Amino acid sequence: MKIHRADLHIHTLLSPCGDLSMSPANIVSAAVEKRLAIIGITDHNSTRQSDLVKKIAGEKGIFVLRGAEVTTREEVHCLAFFENHDTLKTFQEYLDAHLPDFRNDPLIFGDQVVVDENEDIIYIEEKLLVNATTVSIEELEKYVHENDGIFIPAHIDRMKNSIYSQLGFIPDDLNADALEVSRRSTPEKFAGIRPEIRRFNIVTNSDAHIPQQIGMVWNNLQIEKISFEEIKMALSGIEGRKIVAQ
């Protein structure tokens, strides 16, 4: 098995918090520079820019996990990834149906645009993407796993929009493929504060909003080959696939 670098939490310019420099081409260029083999595209409550990132990244030999950073009804941020185009399209319809129709104000929250390969704007998202959906964390986890996806509660060490800040605890029956600690901490450090997280595998990602943040931290995934299923196995520590300490 080989070890591959993975940064699984990256925003594009579609996210209102993402800088307009976070175009697909710039993201891929930064990933190449940081020697990342796997990246995760996780815009807030939207997957609409991920296909182009996958296309450009594929030309550079980089594997892309496509999904979103979903804000649950409790305002917990969770990463959700799916393997194929049809499942991702259905997931986008699911997000659209559960995101409140509150209009974005670009002057307050930021632009929410999708661009093509020439970086021309082809779509403007009118709904404010950083709003909470009407889906609970339990409902989201169930939906993701019923559709063979990957489910990761995001930045659990943060004082806002994390499972601890919003719920105060991790439910005993939460079926997460992994938990994410932000780049401001480390899995070891936060496990010292919250030892109960040791029953999960822990990832640490950049949560990049500008190109310079991509790959600031990463995960070493020990896998047989780079594929969605192998990554999922590594997150769960199955059959020798695992997250290797740096």
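The model is predicted: local features need pLDDT of at least 70, side-chain atom pairs count only at pLDDT 80 or more, and totals for chains, interfaces and linings use all residues. Residues are numbered from 1 along each chain as its sequence is written, and side-chain values use heavy atoms, with hydrogens and water left out.

**Salt bridges**

- The structure contains 11 salt bridges, each defined as a side-chain nitrogen of Lys or Arg within 4 Å of a carboxyl oxygen of Asp or Glu.
- One of them joins the side chains of Arg73 and Glu139, at 3.7 Å from N to O. This pair links distant parts of the chain, 66 residues apart: Arg73 lies in the loop between strand 3 (63-71) and strand 4 (77-82), and Glu139 lies in helix 5 (residues 137-146). Helices (H or I, at least four residues) and strands (E, at least two) are DSSP runs, numbered from the N terminus.
- Glu139 is partly exposed, because its relative accessibility is 41%.
- Asp101 and Arg103 also form a salt bridge through their side chains, at 2.1 Å from N to O. Asp101 is exposed at 56% relative accessible area, whereas Arg103 is partly exposed at 45% relative accessibility.
- A further salt bridge connects the side chains of Glu239 and Arg241, with 3.9 Å from N to O. Glu239 is exposed, with 60% relative accessible area, while Arg241 is buried, with 11%.
- Arg48, Asp96 and Glu125 belong to one network, joined by salt bridges that share partners.

**Helix 8**

- Helix 8 (residues 228-236) is largely enclosed by the rest of the structure, because 7 of its 9 residues are buried.
- Those buried residues are Phe228, Glu230, Ile231, Lys232, Met233, Ala234 and Leu235.
- Gly237 follows helix 8 and has a positive phi, near 70°.

**Strand 1 and its partners**

- Strand 1 (residues 2-10) pairs with strand 10 (residues 219-223) in the antiparallel sense, over 5 bridges. Two strands pair if DSSP finds at least two bridges between them.
- In this pairing, Lys2 is opposite Ile223 of strand 10.
- Strand 1 is also joined to strand 2 (residues 38-44) by 3 bridges, and these two strands run parallel.
- Here Ala6 stands opposite Ile38 of strand 2.

Notes
Buried means under 20% relative accessible area, exposed over 50%, partly exposed in between (1.4 Å probe, protein chains only).
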